[in-house]
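My entries follow the structure shown here.

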Amino acid sequence: HPRVFSGVQPTGNLHLGNYLGAIKNFVALQESHECIYCVVDMHAITVWQEPNELARQIREVTAAFVAAGIDPEKHVVFNQSQVSAHAELAWIFNCVARIGWMNRMTQFKDKAGKDRENASLGLLAYPSLMAADILAYKATHVPVGEDQKQHLELTRDIAQKFNNDFAESIAAKGFGEAYFPLTEPLISGPATRIMSLRDGTKKMSKSDPSDNSRINLTDDADTIAQKIRRAKTDPEPLSTELEGLKARPEADNLVGIYAALAGLSKEAVIAEWGGQQFSAFKPALAELAVDRLAPIAGEMRRLMADPGHIDALLGAGAARAAAIATPVLDGVKDVVGFVRSR
Ligand code: ATP
Ligand code: MG
C-alpha cells in the first residue's frame, strides 16, 4: 500500500523553497497516505555543522514540520540518527551502489566544488544513505523538490540492483520476486524549483551565503517585503503569456512563487497580472507571502520555546519509525546472508 517518506536537512535557515517544494506537499499528502517525515541529521553532517547549532536546527526543522501542519500523532516525525536502521542499510547499499554512480551526481559536484578530493566521503555517499532512508520503510512515494530528482533515480537503481543481485536469495527466503519497491518521486505543482532572489539561474538554498537570496520561514513581515522588493528582475512588465516567461528566469520565479502561495496555476497568475509592472506585483506578492508564512513562523516560535516537548516528540516518532524499519532491515540481513541470533 502507498507509503510516503521524505526528509529535510537541519542545515540552516528553512526557506520558501523548502516550504513550497517539499513541506507544503508533505502536509497535503497526510490526507491520502501513511507518511513518514524525517529530520535527516546524518545527511547534514556530510558538510561541517557546529554541534550546538546542529541540535538547534534539528529542533527547528521539527517545529517547522508541526507548525506547517504535519500531525506527529497520525503520522511519523523523527530524526534520522535515532533510528540505526538508516546507517546499517546505508552501509549495505554502499556495497551495492557503484562509485561511478555517485561521481555523476550534480549535488555532489555542486557541494564539493573544485576541491573534490577534500570533500567528506559522506558527501559522496549521500545518495546511498538517502536510498536507505526511503527503502528502510519500503516507501512507494517521495515528495521532493526538482533538485532531488537525480537522487531519486539513483534510489531506484540501488533498489533494482539489490533486487537483481540477490534475486535467488530473495525468492528462497520467501520474499517473492523483489524485496524493494521502485519508489516514485512526487514532484508537482508550480514550485518544484524555487530560484534564488538574487540569481534566477541558481536554486534558493539554505547554504547560499547571501541571506537576501532567500525568504526564510522565520523572516518577519518587513524583511520579507524588503527581500521581495529588492529581488532581481528585468525592467519589462510581466508577460501576458506563459511562453513569454521562458527567457526571463527571475520573472518566472516570482510568478511561480505567487502561484504556489495562492494555490493557483502560473497561467491563472499571468491572466491576472500579465502586462503589469513589478512595482505593482511585488507588493502583492510580499503581502501574500507574509499572509502564508507569518502563522507558521509564529507557531514555530511557540514550539521552540519548549525544546523538551520537541525532543519527546522526536523520541516517540523514532520508536514508531524503528518498529517499521527494523523488520525491513532484518529481512535484508537474511537476504544478504548475515547471521542473526534470534
Ligand atoms: P542545502 O543547501 O543544505 O542542501 P536545501 O535548501 O537544499 O539545503 P534540503 O534539506 O537539502 O534543503 O532539501 C529539503 C527539501 O526541500 C527537498 O525535498 C528539496 O528538494 C527541497 N528544496 C530545496 N531547495 C528547493 C528549492 N529551491 N525549490 C524547491 N524545493 C526545494
Ligand atoms: Mg539540498
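Entry one, the record. I found that UniProt lists residues 10-18 in an unreviewed entry as "short sequence motif: 'HIGH' region". UniProt positions are given in the numbering used here, feature names are shortened, and annotations may be inferred rather than shown by experiment. I noted that this is a predicted model, in which local features need pLDDT of at least 70 and side-chain atom pairs count only at pLDDT 80 or more, while totals for chains, interfaces and linings use all residues. Residues are numbered from 1 along each chain as its sequence is written, and chains are lettered from A and ligands numbered from 1 in the order in which they are written.

Helices (H or I, at least four residues) and strands (E, at least two) are DSSP runs, numbered from the N terminus.

Entry two, the ligand. I found 19 residues around ligand 1, the closest being Gln 9, Gly 17, Gly 21, Gly 145 and Ser 207; a residue counts if its C-beta atom, placed from the backbone, lies within 6 Å. Helix α1 (residues 16-29) gives the largest share of this shell, four residues.

I read an angle of about 60° between α1 and helix α3 (residues 51-68), with their axes 9 Å apart. Axes are lines fitted to C-alpha atoms, for helices over the stretch in contact, and angles run from 0 to 180 degrees between N-to-C directions. That angle makes α1 oblique to α3, the class left after under 35 degrees (roughly parallel), over 145 (roughly antiparallel) and 65 to 115 (roughly perpendicular). Tyr 19, Ile 23, Lys 24 and Val 27 of α1 make the contact with Ala 64, Phe 65 and Ala 68 of α3, where contact requires C-beta atoms, placed from the backbone, within 7 Å.

I found that the axes of helix α4 (residues 85-96) and helix α14 (residues 307-336) come within 10 Å and cross at roughly 25°. That makes α4 roughly parallel to α14. Ala 85, Glu 88, Leu 89 and Ile 92 in α4 meet residues of α14 including Ala 322 and Leu 329.

Terms used
Two residues are in contact if their C-beta atoms, placed from the backbone, lie within 7 Å.
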